[in-house]
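The entries follow the order in which I looked things up.

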Amino acid sequence: MFGWYYDYYYLILVIPAMLLAMWAQMKVSSTFSRYSGVRNMRGYTGAQAAREILDRNGLQHVQIQQVRGKLTDHFDPRTNVVSLSESVYNNTSVAAVGVAAHEVGHAVQHATGYAPIKLRAAIIPVTNIGSRLAIPLVFLGFIMQMDMLVNFGILLFATVALFQLVTLPVEYNASNRALETLESTNMLASDEMKGAKRVLSAAALTYVAALIVAVANLLRLILIAGNRRRND
């Protein structure tokens, strides 16, 4: 219905990007599993490490809770709650402490007014709309032969790519904050720091892959629209 360009661009752009994203996800899962079996010498659990780092930064009001799942850890600035997964909360591994410190890094970012995280929060509403409606709008525009609708859909999807782009410095900064804190407070020994760094570096790859997937899809839509206009 949409011409051979649809499958062609999906094949050469989107599928390789999705394969990269799958590899990145497997990488973080395997790295986390590897260092989940390495207990830190000081015996910190993920929750204890998070609490100490929060308190050191004057964030006693930020709460910590356990949530179900693996690698479902996150910080919610609306409720000021750091949620740690079952594999992190009570775990004394190097991986658990690294992940917990990373999530606390996001809490510190919000508390200090870190600009990229403020920008990311500001564009989330538009991004949510774009992720749901962009592609349907583009192809509805193709069917109805309405360039304005196609352009609007592409613009909406561009906000998804922008969100992923802004996410990169946010995540890398949170990891850097985590590693600096763990090292300066001696929560982890030098050899344990290497493990924590590998876990967080692997996690960062998933955000790079997400950006590549978003850009690949955006480029695909732009190329499809351009080719259709030239052939009309």
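Basis. I worked from a predicted model, in which local features need pLDDT of at least 70 and side-chain atom pairs count only at pLDDT 80 or more, while totals for chains, interfaces and linings use all residues. Residues are numbered from 1 along each chain as its sequence is written, and side-chain values use heavy atoms, with hydrogens and water left out.

Entry 1. I looked up helix H4, residues 94-112; helices are DSSP runs of H or I with at least four residues, numbered from the N terminus. H4 has 19 residues and reaches 27 Å from its first C-alpha to its last, close to the 27 Å expected at 1.5 Å a residue (1.5 Å times one less than the number of residues). I noted that 16 of the 19 residues are buried, so H4 is largely enclosed by the rest of the structure (buried means under 20% relative accessible area, with a 1.4 Å probe and protein chains only). Gly113 follows H4 and has a positive phi, near 70 degrees.

Entry 2. I then asked at what angle H4 and H6 pack. The angle between H4 and H6 (residues 147-184) is about 115 degrees, and their axes are 7 Å apart; axes are lines fitted to C-alpha atoms over the stretch in contact, and angles run from 0 to 180 degrees between N-to-C directions. H4 and H6 are therefore roughly perpendicular (65 to 115 degrees).

Entry 3. I turned to helix H5, residues 115-144, which packs against H6 at about 150 degrees, with axes 6 Å apart.

Definitions and conventions. Helix = DSSP H or I, 4+ residues; strand = E, 2+ residues; numbered from the N terminus. Parallel < 35°, antiparallel > 145°, perpendicular 65-115°, else oblique. Buried < 20%, exposed > 50% of the residue type's maximum accessible area, 1.4 Å probe, protein only.
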